[in-house]
Amino acid sequence: MNKESITKVKICGLSRPEDIAVVNELHPDYIGFVFADFSHRYVDKETARALKSQLDPGIQAVGVFVNEDVHFVAELMNDRVIDIAQLHGSEDNDYIAELRSLLKDDAEVKIIRAFNINKIADISEIENSTADLVLVDSGTGSGETFDWSRLAEIKRPYLLAGGLSPDNIGAAVEALHPYGVDVSSGVETDKLKDPEKMRRFVELVRETELSTAARDAEPCISAAKRENLEEILQLQYLAYQSEAALFKSRDIPPLKETLDEVIEEFEAGTVLKLVEDGKIIGSVRASEKDETVYIGKLMVHPTRQRRGYGRHLLEEIEKCYPGKRYELFTSTRSIDNISLYQKCGYKIYDNKVINDELEFVYLEKGKVVKI
């Protein structure tokens, strides 16, 4: 996995040496010291300095401020008590510009501007901030979640905060892929940092990253070779058995296609394979006759279904025969297949009733109109 694509983790509101010991073990990207005196997590300059001296130098310390005097923020940064300033009040771009002018050096990330998603009038306020990073929350350390759908409008990288905990962080990372996540109350017990919750939170972010990357890595689709045909036939048997198991109350005859018949189809048309980790997990076949491309045997391994692979296979086989009329069929017991084909632009044009429980459905796409 590309290191730059890994979701950053910030654990905020540290106030004790034992908190530092835990984060040194877990190694999040950032930790936070809260300098807002109305918070139970408040630390003063000297406490923060002592805690920072114990912090692993590979972890950046963020100071959290609410409408603080800009000179005090700059002092903490220039004295290396904190590495980054996170602004949670009404600080605007003028405030950010003044703070930058007071800093002794420059770094990739120096200023984070936090936005209360429930109070901003328009997402453009986030987009137009001159801060190095933005953080989206539902309030100043409120610990409450918000409607994540609003985040789809944000085009720049952002830190997600607000009500995150080990209970929902996996879903958040998988659904939103934020630049980073910021947690505080979600890893506390009785208003103190809980080592086990902190550990679980970080573990879940990393586990979700790995599983999402593995799932999202698109398998390779290419033309099958003759030596692949036996493996494709075995996949067909597996897919057929899986369907039969779903409809065990129905009389489904055994699959009778032989390897010779697969070879015959291979030689007469096109067979595509879908490969993941060196194994064929999907396939589709097609042949052309009289300006119509007949598509069949579209299958994906039972454990890899519902990931969009069937649609990719269908789109790729169409590319092999551009500008044609495409025809395929399935049955009413394969509702998912019918839905997939319709999403790819196919329309039902005929049907054939076999018995009370089985009906074949014929679909087409791109019908050629002859003038």
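Start by selecting D350 and Y362: D350 stands opposite Y362 in β17. Strands here are DSSP runs of E with at least two residues, helices are DSSP runs of H or I with at least four residues, and both are numbered from the N terminus. This is a predicted model, with residues numbered from 1 along each chain as its sequence is written. Local features need pLDDT of at least 70, side-chain atom pairs count only at pLDDT 80 or more, totals for chains, interfaces and linings use all residues, and side-chain values use heavy atoms, with hydrogens and water left out.

**Stop 1: β16 and β17**

Show both strands. β16 and β17 pair in the antiparallel sense, over six bridges. Two strands count as paired if DSSP finds at least two bridges between them. Follow the chain from β16 into β17: the two are joined by a hairpin through five residues.

Now select N351. It lies in strand β16, residues 347–353. Is N351 buried, exposed or partly exposed? Its relative accessible area is 40%, so N351 is partly exposed. The classes are buried under 20% relative accessible area, exposed over 50%, and partly exposed in between, with a 1.4 Å probe and protein chains only. Areas come from the Shrake-Rupley method with that 1.4 Å probe, and for residues only the protein chains shown count as cover.

Display the neighbours of N351. Leaving out residues up to four places away in sequence, N351 touches E359, F360, V361 and Y362. Touching, or contact, means heavy atoms within 4.5 Å. With E359 there is also a side-chain polar contact of 2.6 Å. A polar contact is a pair of N or O atoms within 3.5 Å; within protein, one must be able to donate a hydrogen and the other to accept it, and residues adjacent in sequence count only if both atoms are side-chain atoms. Then draw a distance from N351 to L363, twelve residues along the chain: their C-alpha atoms are separated by 8.9 Å.

**Stop 2**

Strand β17, residues 359–365, pairs with β15 in the antiparallel sense over six bridges. To find this pairing, pick S331, whose bridge partner in β17 is F360.

Next comes β14. Which sense does the pairing of β14 and β15 take? It is parallel, over three bridges, with β15 covering residues 325–331. Y294 stands opposite E327 in β15.

Strand β13 (residues 279–289) pairs with strand β14 (residues 292–300) in the antiparallel sense, over seven bridges. S283 has M299 in β14 as its bridge partner. At the turn, select D290. The hairpin of β13 and β14 has two residues between the strands, and D290 takes a positive phi near 55° there.

**Stop 3: the barrel**

Move to the closed barrel of eight strands. It runs β1-β2-β3-β4-β5-β6-β7-β8, with parallel pairing. Neighbouring strands of this sheet are turned by 25° against each other on average, direction ignored. Axes are lines fitted to C-alpha atoms, for helices over the stretch in contact, and angles run from 0 to 180 degrees between N-to-C directions.

Select β1 (residues 8–11) and β2 (residues 30–34), which pair in the parallel sense over two bridges. K10 stands opposite Y30 in β2.

A polar contact of 2.7 Å joins their side chains. D182 is buried because its relative accessible area is 8%. Beyond four places away in sequence, D182 touches residues including K10, C12, Q86, L135 and L160.

**Stop 4: helix α6 and positive phi**

Select α6, residues 169–176. Its buried residues are I169, G170, A172, V173 and L176. After α6 comes H177, with a positive phi near 50°. Most residues other than glycine have a negative phi.

N67, in the loop between β3 (60–65) and α3 (70–78), has phi near 55°. N67 counts as partly exposed, at 46% relative accessibility. K191 lies in the loop between β9 (188–189) and β10 (192–193), and its phi is about 65°. K191 counts as exposed, at 57%.

**Last stop: the whole chain**

Zoom out. The protein chain has eleven helices and 17 strands. Of its 371 residues, 47% are buried. Among contacts with a separation of 6 or more, 58% join residues 24 or more positions apart. The chain exposes about 19400 Å², and carbon and sulfur atoms supply 48% of it.
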